Structure formats: structure tokens, C-alpha cells
Amino acid sequence: MTKNGPCGQSCSLVSIIFSGLPSARGLAQQRLEQATREELLRLLRATPRLNDDQVWPPPDTDWRTWVLLGGRGSGKTFAGGFWMNELAKAKDRTFALVGPALHDVREVMVEGPSGLKAQAPGDNRPRWEAGRRRLVWPSGAAAYAFSAEDPDSLRGPQFHAAWADEFCAWRNIEATLSNLRFGLRLGADPKLAITTTPRPIPALRRLLAEPGVVKARLATKDNAAHLAPGFLGHLQALYAGTRLEAQEMEGLVVEADGALFQAEDLARARGNRPAKFERVVVAVDPPASAHGDACGIVAAGRRDRTGYVLADRSMRGLSPAGWARRVAETAREFDADLVLAEANQGGEMVRTLLGQADCPAQVKLVHASRSKKARAEPVAALYEQGRVVHCGAFPALEEEMMALGSEAPGGKSPDRADALVWALTHLLLAGKTQPRLRAL
């Protein structure tokens, strides 16, 4: 390390801030204060304009795998390449580059317009060695190319980090991923970055449900400034409101066979919030443990036989007292008349926790006596009838909704969607024969 920062004068501001050093932001500020005008201009040119989701998780986040779900042309390849180029500034690192085929690795990940060579800084621009199928940086770092068509080629090599592109297009997903992970055994904290346009396949759903996985999402519209004029408008004119738009342009995992909620219905449901409501509720699906599923928290209101989804405050990793406070804050924010809490996990303890959190609304415990799919079917019909409005963008919630009815066994629990079902059932279906709400 030099006195100028964690990786010398050539280090970008982004790499300083995300270096993991406690003094990183102070180093970045000092660097800026000491720089001349020419140096500042050079720093600005060397530091790309990344949006929040294109920057890997901060070092204090407990993650092993970073999954970046992106639409076509959303900048996911650029994000993966930028991450690996930053890692390659360290000496003698060994990486893996894995794509659907070797051709994809070279033409997209290495030599493509958003690939590693195109965006590498001038003082650490790598060279491609075709005979050895590897990319070598002046720092001494090297990245070896592998194809998902040949999972066994990953047996034996070992790496400090790996970048896997278009995961959902791999031919042998399970074998390739497991062999790759067995090879991530160098250094103090080996990491895996996966960039892909999502598809509703079991392998992706299992991956997203794993511990240590951090997910981010990029939409094509977020990268419009770097796309051809008219590209985005043309595709939206063709595919607006369809599952293709949700999957290929918004980076959502859309519905598979048997799914209850359709992308077209969800796209049509987006609208504005009315000034007043007849009734507002906050529904909560408590987690089984602080380290397991997320706590589903959804606020919704009713006016003129229409339901309005106001907020998705769901969060993972909260203690029982933590999610209870979050529910109370949400109820206070939206002046809720009632908090609906599923009692299958915790029973009366749920009511006690909410009372200790000074929840301002009445608490009603409800019990799920039927499956999630059976309880969601009447709510899905409300969307088909146009009786539900989403007053905001809720991509994580909508992704779970589109998975209901088609979940793979052992997949991630749809906690957000379950909370939404409780809220809309109470507001629009109370008194109907199904699903039943039973106060305890």
C-alpha cells in the first residue's frame, strides 16, 4: 500500500471506498483534496458512472455469492467486468471466467464492448493468451476461461474469485456450479459473481434461496444512456406489460407453468394512490428464525371495492424485536386500522412482540389452514379483474407473486407475497368462503 491509497495512484475512487479498509472514505477524500486539476480529470475518466446495483456488496456484508439479475443491455456484464478488473489490481490473483461456451467467454466477457479488456485501466490492461485460454494482467493476476458445456474442466484448478455470466443459459448448471465452488479455495475470502438475465428455472430459484447469496437487479431502462436511441422505446412498444418485458427488460424472475399471477396483470395494476382510504391494514408473515426466511410486511388500503398496495417493508435478518418494530413503524406511517399477523409461527408471542414494540393499531392473529397457493387463488382473480392497484414499484414482491404456484420443492418461501395475500384477503374478500381468516 502506498500513502495515496489502498492500491496506489492508479486505484479508482470506487475501489478505495470498497476496499474494506476502515479509513477508506477518508483516504478517498484526502486523495481528492491533494489532486491537481489534471489528476482530477484523469480520476473522473478512470472512474465509471455506476448505479448502486452495479457495485458489489460492501465488505461488511456477509456474502459469498453476488447474483446480479439484469435485463438485456442493463449493464450487468459491465458490472461483472468492473468488479473483476478491480480485483485484478492485486498481484498474483487467479480467477475463473465461466460462460455458456468458450466462445461466449472470449467474445462477451473478455473482448466484448463491456468486457474486461475494453474497460480495464490503461496501466493494467490485460492481454488474451489464446493458447492457454487465459487473460493476464500486468499486475500478474490471471483469469482462465471455462465453458459450462464442460463442467469437468473445472476439476483441479483453484481460484481467488470467479465471474460467471449468463448462468440461466448454461447447459450443465448444477455440475458446473458445484465444480466451480469447489475451486474457490484461495485467499482469505473467495467470492463468486454471477451475472445473468433471469429465467424461471429451478436452478436459479435454488441459488437465490441459498445462505450467503446477495441479489441485485438491473433494468434495461436504467442503462438507457448507453443504448442506441430508440432501442428502449421500440421494445416497450412491442412488449410493454408482457412477461418478456418483465424478464428480458426488468430482470425479474417471471412466472412458470402453474403460476397464479401473470406479468400482464401486474403491469396493468400499476397506478396512483388515492387521497383517502376506507380502511388500511398492515399484514405480517413472521419468519421462523432471525437467520431464515424474510419477514413479510405489506401495507394495503381499500377504497371503492379496489385494493391499493401501498408499501412492501419486508426484510430479512431481523430479530423478533426488530421485525416487530418495523411492523409498528409501518402501521404508524400509514395510519393503519389493523395489523394482521399470521400466527402459525409464534402464536400469541407475535401479539406480545407487537405490543412491546408499541404497535399503534389493533392486532389480529390469523391462522393459515390451507396452502399458500389455495389462499392466493382468489387474490390472483382480483388482479385479473383489475381490482388491485400497486402504488409504487415493488419488484421483489412481484417476483415472489409470479412464482406462487410454480415453486420448486425446497425453494425460498414467498413471505412478501404471503403477507400481500393476507392484506388483500381481509380488505376485499372478507366474508367469502375462501380463503378463511380465523381469529385466535
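Modeller: Ala-130 sits in the loop between β3 (127-129) and β4 (134-136). Strands here are DSSP E runs of at least two residues, helices are H or I runs of at least four, and both are numbered from the N terminus. Ala-130 has a relative accessibility of 45%, so it counts as partly exposed. The cut-offs are under 20% relative accessible area for buried, over 50% for exposed and partly exposed in between, with a 1.4 Å probe and protein chains only. Arg-106 is 24 residues away from Ala-130 in sequence, and the C-alpha to C-alpha separation is 9.2 Å.

A word on the basis. This is a predicted model, where local features need pLDDT of at least 70, side-chain atom pairs count only at pLDDT 80 or more, and totals for chains, interfaces and linings use all residues. Residues are numbered from 1 along each chain as its sequence is written, and side-chain values use heavy atoms, with hydrogens and water left out.

Now the rings. The whole structure holds five aromatic pairs. Rings of Phe, Tyr and Trp (its six-membered ring) pair if their centres lie within 6.5 Å; planes under 30 degrees apart are stacked, over 60 edge-to-face, the rest tilted. One of the pairs is Phe-261 with Tyr-383, edge-to-face, at 5.4 Å centre to centre and 85° between the planes. Phe-261 is in the loop between α10 (243-249) and α11 (263-268), while Tyr-383 is in helix α14 (residues 372-384). The two are 122 residues apart, so this pair links distant parts of the chain. Both Phe-261 and Tyr-383 are buried.

Phe-277 and Tyr-308 also pair edge-to-face, at 5.7 Å centre to centre and 65° between the planes. Phe-277 lies in the loop between α11 and β9 (279-285) and Tyr-308 in strand β11 (residues 306-312), so parts 31 residues apart in sequence are tied together. Phe-277 is partly exposed, at 21% relative accessibility. Tyr-308 is buried, at 13%.

A charge also meets a ring. Lys-191 lies over the face of Trp-63, 4.4 Å from the ring centre. The test asks for NZ of Lys or CZ of Arg within 6 Å of the ring centre and within 35 degrees of the ring normal.

Last, the helices. α15 (residues 395-403) and α16 (residues 415-428) pack at about 85°, with axes 8 Å apart. The contact involves Ala-396, Leu-397, Glu-400 and Met-401 of α15, and Asp-415, Arg-416, Ala-417 and Leu-420 of α16. Contact means heavy atoms within 4.5 Å.

Conventions:
Axes are lines fitted to C-alpha atoms, for helices over the stretch in contact, and angles run from 0 to 180 degrees between N-to-C directions.
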